[in-house]
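Dear colleague,

Please find the structure handed over below.

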Protein chains: 4
Amino acid sequence: MAGNVYGQIFRLTTFGESHGKAIGGVIDGCPAGLKIDFDQLRYDMGRRRPGQSRLTTSRNEKDEVEFLSGIFENSTTGAPVAFIIHNKDKKSSDYDHLKNTYRPGHADFTWEKKYGIRDHRGGGRSSARETACRVVAGSFAKMLLKEAGIDCRAYVSQIGEVEANPDYSKLDLDSIEESPVRCPDKDTSDVMVYMLDQIKNNGDTVGGIVTCVIRNVPVGLGEPVFDKLDAELAKAMLSINAVKGFDIGSGFKAAQLKGSENNDIFTRRNGRIITKTNFSGGVQGGISNGQDIYFRVAFKPVSTLMSDQQSVDSSGNPVVIKGKGRHDVCVVPRAVPIVEAMAALVLADLFLRNQPARL
Amino acid sequence: MAGNVYGQIFRLTTFGESHGKAIGGVIDGCPAGLKIDFDQLRYDMGRRRPGQSRLTTSRNEKDEVEFLSGIFENSTTGAPVAFIIHNKDKKSSDYDHLKNTYRPGHADFTWEKKYGIRDHRGGGRSSARETACRVVAGSFAKMLLKEAGIDCRAYVSQIGEVEANPDYSKLDLDSIEESPVRCPDKDTSDVMVYMLDQIKNNGDTVGGIVTCVIRNVPVGLGEPVFDKLDAELAKAMLSINAVKGFDIGSGFKAAQLKGSENNDIFTRRNGRIITKTNFSGGVQGGISNGQDIYFRVAFKPVSTLMSDQQSVDSSGNPVVIKGKGRHDVCVVPRAVPIVEAMAALVLADLFLRNQPARL
Amino acid sequence: MAGNVYGQIFRLTTFGESHGKAIGGVIDGCPAGLKIDFDQLRYDMGRRRPGQSRLTTSRNEKDEVEFLSGIFENSTTGAPVAFIIHNKDKKSSDYDHLKNTYRPGHADFTWEKKYGIRDHRGGGRSSARETACRVVAGSFAKMLLKEAGIDCRAYVSQIGEVEANPDYSKLDLDSIEESPVRCPDKDTSDVMVYMLDQIKNNGDTVGGIVTCVIRNVPVGLGEPVFDKLDAELAKAMLSINAVKGFDIGSGFKAAQLKGSENNDIFTRRNGRIITKTNFSGGVQGGISNGQDIYFRVAFKPVSTLMSDQQSVDSSGNPVVIKGKGRHDVCVVPRAVPIVEAMAALVLADLFLRNQPARL
Amino acid sequence: MAGNVYGQIFRLTTFGESHGKAIGGVIDGCPAGLKIDFDQLRYDMGRRRPGQSRLTTSRNEKDEVEFLSGIFENSTTGAPVAFIIHNKDKKSSDYDHLKNTYRPGHADFTWEKKYGIRDHRGGGRSSARETACRVVAGSFAKMLLKEAGIDCRAYVSQIGEVEANPDYSKLDLDSIEESPVRCPDKDTSDVMVYMLDQIKNNGDTVGGIVTCVIRNVPVGLGEPVFDKLDAELAKAMLSINAVKGFDIGSGFKAAQLKGSENNDIFTRRNGRIITKTNFSGGVQGGISNGQDIYFRVAFKPVSTLMSDQQSVDSSGNPVVIKGKGRHDVCVVPRAVPIVEAMAALVLADLFLRNQPARL
């Protein structure tokens, strides 16, 4: 109800503030008997971690995940898996000057008006630090999906006006991590890096787009009517800080197309019914059709600028603020594992929800 | 769990198939003491109704709503409000030839694979006819929101490649209904109508975009972290048949912008803290900030074409199909009240969820 | 949230007032492919129906169930099963004198204070007529449980101070329906009938106990920690009008026992691990252990008396009231199918919830 | 879904095994602005703590509660309140001999069959140690209820066959803590203590009953139809380990009574409508009527005996076991704060759920 929970069966509850003692989460509903793949966890956490390059915040959190329950001899037991990540490298004094100030583009104002009280240090609960917990749970979701052969991969497809090849099938998704901005289109990646350096020097920031591709999804995942697979994905993505848009398959472009152009024609190949094209993005009537699921997630530019911005304090008086703290010039490279994590949480939940659908 | 429910406190469950006895719904959690505005209901239902013009399906359903419970002396009582709409003008024989056929772009294939059984008549449960129930419940949500002064309005902003002025504040939202395609930009509307006639003559269909504007929203609606206001809107919109994309505020365009361009600067006006611009679309950190909420919803073209299409039957054998039945050339004009209804359901639910947020 | 829903996966929403147009319900989450056993439904509805004998209310409702959705060619389709029962033999004028009166033992006072508005006719939403919808859904649950071999049977074990043999294994549960009070202990049944006639003649009513036995439950149903099988049963039973107590296995008697007396010793029989005794009532640690589940449900006497009772009107002025309408002298014989229905709903839901518990 | 969550708005998720790193919980939905009363917390935790007297387990856990989030300057912030309690005095080797053994009366067998894997140390997740987390959350619920004047008090009313005065209004509820067994009936308490010493010497255990009284409850709490106040209480109580029965008001005795004996007659006193008697136990039609809520909770005897018991191992071979570890001779004295905690959780949740019930 209070919004800190995602999922119906595979259910994640997160907690914690950016500068509190710890952040963490509880995964309730992970089936018993899942072998924990700690390499997967470390890999995912490493990609979300601050301080990976000069383009990301230099907050240096090792983000070591401590598991408290639900695991016995390296397997899940069916009991809730609780984990915490201690906040170590917090510099709360960086935020003292913001105690009574509403930063543009942040949740300071809305949060304070909603609750009448606000932990201002580092953005408190509204900080993107919370997404570390999603990545932990997302890794568990991926382990579960892997048992069913489902693979979930995201990458940066656009930063500012620089776009990679829009056709993911033309990209080598195994090369994502070779790019410092996680764009598997080498030339585009180089341009993005060059541009980000310039923007950073100007004390500015920029937005971008993450594309996610999910392969080997069995037919039948997704619940009609309100909990369609694409509806759940949309919610999961918009629940990530700074996300302003989502589209799937032909997406916004579908608005411009004719039915004769956009329909995916069914055919039989190797005894299996498939579609010749995949404008649907792998989802028809809210249910997976066995084709690749692919979607785009649009992120706004980081709100904290290393240059002067006007704002007001809690009394409405004008103030000028400038980012101290440690912030990214562009969030999308580090958002890649977060998008993957949320996609995996959606799929894992719908996978389990699908089990009792028929006798 | 099974996906036929929307909302946590103001909760709608829908049921019914396109060619069954009736469709309907149950609204559980509508506060007691709400006066029913039957004019609002008729107005909303009238706009969704088939057969409004030559551009929409000619299925002639009066869509009379019969209330079974929860209303006493024209007020809600706190008990669940159940309603049904009988299916009268159904022509199930139009669908006999589709019993074993998977129509391109429809949910026939995925639904059958998920459940192992399918009511093929008129699309069964996956038919857009189900949205009539959303409109009924949405009208109740609007009545509730009206008590709080909240107003929710949608219109067609794009059909195919024809776009209205993208700045809704330049449009007269009181003139939406004067346009046969519900586009309040007169010249654009004329072009849209002309274009739709042509596409219809070709037996083809086309997609479009609906824009929705919600005004007078109090600060504080929306639940962090997963149930952000924009996340709930995204899910609600993607749960509508044929929707492929959602964005809010600067939306996908935000991906191209700099932080210095996209940040909304706070200021004080008439003793109230507001933002000078509204790239956020009225939502910051997932919570309403008191500015207008506006967002776009992209619809794919209608999948049923009045021309030949290839497909397969349930054995995978090739077949050629052609729409009989009665179908729209473009769904967005009739989607306008559905977008409004879903937006109202989201807002009403979050409005009630916000009440216990603080002492 | 508003309390008109039971279940997590096999989920029933009910609606309707005693003297409104209709009562009904929506079953969401019933697996597709379940063959409908209409005989089961008629049998269960017949046993709950008023007017079965001189000992029950003479309201003559045929209680014909009309299905609106979710069924195709006599099987469930995975879509929500909606049903309604029209209110035909209502005599609302019987209740005119109660418009502003709070009947002792009824929900008139609390309901009006909670909602500020009340449909007084026949008790409105708080009428036991609502339980007809539980019986419909319970029949579906029984059909599902039957696929797994689970059998659920209730009977009257006590009326007033007259008790049947407390050991259900000594009773012939196939003879329940031969008794007009549904007590399978012939001699006790005769005494009960005699007693009820006397109490009726005095214009009074009396309480009783229903015992329920569930057999062939597989090991593993029930969710620790809060949603234990016995906890869910307790809630389901207390949700029935007039129920004041629940116990399972040795129940309240367990409070008096020593550990050495009450522990069920494990042993192996025919290669299966079982318990020698069954003081647990088939549930250990909230999870079924494969033994019979049995529990007792205590009902208070019917509150409406055919003799004068003092009360107050809504202004607090003293009034004298006397039941008109048509009422039972003792509710437990007709409560038998309701207890069974709720037990079946609990089991069916936990059965489906158990499916994703392990890899 | 997986059962580790209680509540709809005021929602507690617990986690942790008896001999894992820590147990803990997350309270989501506690309103912002609640001042934390750490004395209340210490008081409640102290009463549940093992090692309080020679009659309870000597496991010596200080049970220090560490808060990780959701609190700022001693007030709740509206963000989830996460807390952990480290397991310090665990002696897992006490349980080595039980690795493959099913203890009578415990959840070993059912848990292992459900999940296929079991953390056997100290009962793992099924240990009553989990209830410490309920007590923490219950203290928060009590703080919230105190703002509304609601007071919740439990005591031991029966151990074995020794019963206190059944009329709680004849007891001094302020003297509960003066009794080593938490029975506020001095003479009865003395007998209970004497009896427990004897039973302990015999290596046996015994059951008992806890009675709970909730005062100053406003009219209107509780949701019809399925989420009745008494239904929620029943579930909450049966969710506590070792509970076998629940009744409210006249309870099981109501089954023996006539309507003319059991009905509570309304009257007006000091301008307020009240009932002359309170056989209802403060709940009518599932909704609080403003009178005291009182109910009984029956506990079975502790299953672990300090004497030989027969059982089987996981292959079904007979074994003889005898409790090592540290165990209570009777659980009810320490169950008192747990019953209070669960009652407070139920009331706090229904209190918040009641807010959006009417305009």
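A residue is called buried when its relative accessible area is under 20%, exposed when it is over 50%, and partly exposed in between, using a 1.4 Å probe and protein chains only. Helices (H or I, at least four residues) and strands (E, at least two) are DSSP runs, numbered from the N terminus.

This is a predicted model, in which local features need pLDDT of at least 70 and side-chain atom pairs count only at pLDDT 80 or more, while totals for chains, interfaces and linings use all residues. Residues are numbered from 1 along each chain as its sequence is written, chains are lettered from A and ligands numbered from 1 in the order in which they are written, and side-chain values use heavy atoms, with hydrogens and water left out.

**A covered helix**

In helix H2 (residues 108-115) of chain A, six of the eight residues are buried. They are A:Asp108, A:Phe109, A:Thr110, A:Trp111, A:Lys114 and A:Tyr115. Contact means heavy atoms within 4.5 Å. The cover over these buried residues includes strand E8 (101-102) of chain A, and from chain B it includes strands E13 (266-269), E14 (272-275), E15 (283-284) and E16 (287-288) as well as helix H7 (332-354). After H2(A) comes A:Gly116, with a positive phi near 75 degrees.

**Salt bridges**

Side chains of opposite charge can pair when their charged atoms come close. A salt bridge is a side-chain nitrogen of Lys or Arg within 4 Å of a carboxyl oxygen of Asp or Glu. Over all chains, the structure holds 108 of them.

One of these pairs A:Glu73 with D:Lys99, at 3.7 Å from N to O. A:Glu73 sits in the loop between strands E5 (71-72) and E6 (75-76) of chain A, and D:Lys99 in the loop between strands E7 (81-86) and E8 (101-102) of chain D, so the pair joins two chains. A:Glu73 is exposed, at 55% relative accessible area, whereas D:Lys99 is partly exposed at 39%.

Another links B:Arg47 and B:Glu177, whose closest N and O atoms are 3.4 Å apart. Because B:Arg47 lies in helix H1 (residues 38-48) of chain B and B:Glu177 in the loop between strand E10 (162-163) and helix H4 (186-201) of chain B, the pair ties together parts that are 130 residues apart in sequence. B:Arg47 is buried, with 4% relative accessibility, while B:Glu177 is partly exposed at 32%.

In chain C, the side chains of C:Lys186 and C:Asp190 form a salt bridge of 3.2 Å, N to O. Both residues belong to helix H4 (residues 186-201) of chain C and are four residues apart, about one turn of the helix.

**Where chains A and C meet**

Each side has its share in this contact: 14 residues come from chain A and 14 residues from chain C. Buried area is the accessible area (1.4 Å probe) that two parts lose on being put together, summed over both. Between chain A and chain C it is about 1,100 Å², of which carbon and sulfur atoms give 67%. On the side of chain A, the residues that lose the most area to chain C are A:Gln355, A:Pro356 and A:Leu359, together 47% of what that side buries.
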